[in-house]
Amino acid sequence: MRLKQRLKFIDLKVFLVPAVLVLLVIVAGVFYHKQFGQLVNATFQWSQRYFSWLYALVTFSFIPFCVWAAWGKQGQIRLGGKQAQPSMSMAAWVSITFTSGMALGVVFYGVSEGLTNYMTPPPFTHLLPHSAAAAETALQYVYLHWGFQAYGIYTAAGLCFAFALWNLKQKFALNSALQPLLHERASGWMGQLVNWLCLYVLVASLGTNVGLGTLQLSTGFRYMTKLAIKPLVLQILIIAILGIIGIYAACSGIHRGIKLVSNINMSVFATLLAWAFIFGGSVFILNNTLSSIGGYLKNFVEMGLYLEPVKQTGWVAKNTIYYWAWWTTVAPITGLFLARLARGRTIRQFVLVNLLVPVGFIFIWFGTFGSSAIFTQMHHVDIWRDLQTQGYPVAFFAYLNTLPWGKLVMILGLIAVILSFVTQYESMIYSIAEMSVNQSELLPNDHRVNYLKIFWGIAISLMGFILIQSGGLTTVQTSVVVLGIPILLILVAYVFGFVKAIRRYDETMLAIKRVDDAKN
């Protein structure tokens, strides 16, 4: 009985099913990791064969939805009501928003993706490897994967949650954005099913992020130090140390932990950007970045919807669809986190900060590092050889090593990976734990929620380790495509619910205005 009393702060309806599923997958991955990897890859083949069209269509549709939400008459609606005030400065909001979403990914792929597209162009383009044409188009596909479609997914999810939480006064939960569409059924079995499914998929997908970060850190550390440390030992150490740091930061509270790490991370990013721009071929970076942005915008619709219906080289499925699936799987938890930061902002401000500002940064980051890596490779410094011998995770460090004071810059790069890892890790743990508690059972400054942060943090870390051991980078990447399909359909339901809620909200506000006018 005393144990039941102590556990009352946990919302067992939300927590229990996904927690058990996660533990079962972890056990299966530990004892049957080869079979686990084979299952993931087989399911990936099936998913990309039959559902690539769904990913392309839905993720592309989120962009006009965000534009409509921001620049329609509802764009002036303030999240939280007319009197709501923001809880942080615009600068802090922007830094937390970006670093909690994709910071780890841009460090991992900032050099490798553009360089890969230059050295081995997409087969359906028929471009010659490391040719002038390949160099000039390489970043267009990078911008496709990391640009408007990517952040459109996050922004759409976040906006639906923000309106549900702050204006419709819904609970901080993954089913809250379904209330306008399903009404009381959103709190019934259908809503619980959404909570279970999303929470399990989110933990598994965040395990993917842990896997990517661990692979990059372990490879980068061995590349820098030349120490003969077994990869397995180093990966365990990295996951354990950074997991502890991330959990501690999450337990310290959103404004103390996340805000501090995010601000430091943005400063490190800015320093690396400036160094790469100054010493990495400034004129080429400017010319190639602007040309790539122009090509991306010109071909945006065609590239965003192209699925190789006849050529079927497999490139789109393994690259473009992989990215859409990755963003989709973490969109609910990222959106819920972004929504929590948005009180006091208008819908238009929300879209600007969560869609346009990050895409602007993506243009600059990938334009600088991707163009500079291509420029370096063109001038006979063979970064590509390191990628071929040591894998894609080494790309960022192999490039930094070509710059002046390379050893020092590589250390700064290592810090960027660590901070990106911790920032995303802590923000997601914080949000998942908040969804797993009974808010009515918590006292002010109740630290019992930290037990849930510890549990979910350990679970995510173990999931990342299992994915690495089940097949390395390939399994880590392909796992997200399988998980994304049901989440994609849930995101569509969120959007329909938002549109319905906005119409009702407009009608209610109009009725209130008529009453006020009649009184006056």
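**Ground rules.** Buried means under 20% relative accessible area, exposed means over 50%, and partly exposed is in between (1.4 Å probe, protein chains only). I'm working on a predicted model, where local features need pLDDT of at least 70, side-chain atom pairs count only at pLDDT 80 or more, and totals for chains, interfaces and linings use all residues. Residues are numbered from 1 along each chain as its sequence is written, and side-chain values use heavy atoms, with hydrogens and water left out.

**Overview.** Helices (H or I, at least four residues) and strands (E, at least two) are DSSP runs, numbered from the N terminus. Of the 520 residues, 59% count as buried. Next I looked up contacts, meaning heavy atoms within 4.5 Å. Among contacts with a separation of 6 or more, 85% are between residues 24 or more positions apart.

Is S176 buried or exposed? It counts as buried, at 3% relative accessibility. Leaving aside neighbours within four places in sequence, S176 is in contact with F161, A164, L165, Q170 and K171.

**Another positive phi.** Q312 is also not a glycine, and its phi is near 45°. I found Q312 in the loop between helix 14 (300-305) and helix 15, where it is exposed, with a relative accessible area of 59%.

**Loop between helix 6 and helix 7.** L127 is in the loop that runs between helix 6 (112-119) and helix 7 (132-146). I put L127 down as partly exposed, at 27% relative accessible area. Not counting residues up to four places away in sequence, L127 touches P121, A133, A134 and T137. I also checked L127 against T137: they are 10 residues apart along the chain, and their C-alpha atoms are separated by 9.5 Å.

**Helix 16.** This helix covers residues 347-378, so 32 residues, and reaches 45 Å from first C-alpha to last, close to the 46 Å expected (the expected span is 1.5 Å times one less than the number of residues). Where does helix 16 bend? It bends by about 30° at V353, the bend being the angle between axes fitted to the seven residues ending there and the seven starting there. I counted 23 of its 32 residues as buried, so helix 16 is largely enclosed by the rest of the structure. After helix 16 comes H380, whose phi is positive, near 65°.

**Helix 15 against helix 19.** Helix 15 (residues 315-341) and helix 19 (residues 406-435) pack at about 90°, with axes 10 Å apart. That makes helix 15 roughly perpendicular to helix 19 (angles of 65 to 115 degrees count as that). The axes are lines fitted to C-alpha atoms over the stretch in contact, and angles run from 0 to 180 degrees between N-to-C directions. On the helix 15 side, the contact includes I333, F337 and R340, and on the helix 19 side it includes M428, Y430 and E434.

**Cysteines.** C66 is buried, at 0% relative accessible area, and C198 is buried with a value of 0%.

How values were computed. Parallel < 35°, antiparallel > 145°, perpendicular 65-115°, else oblique.
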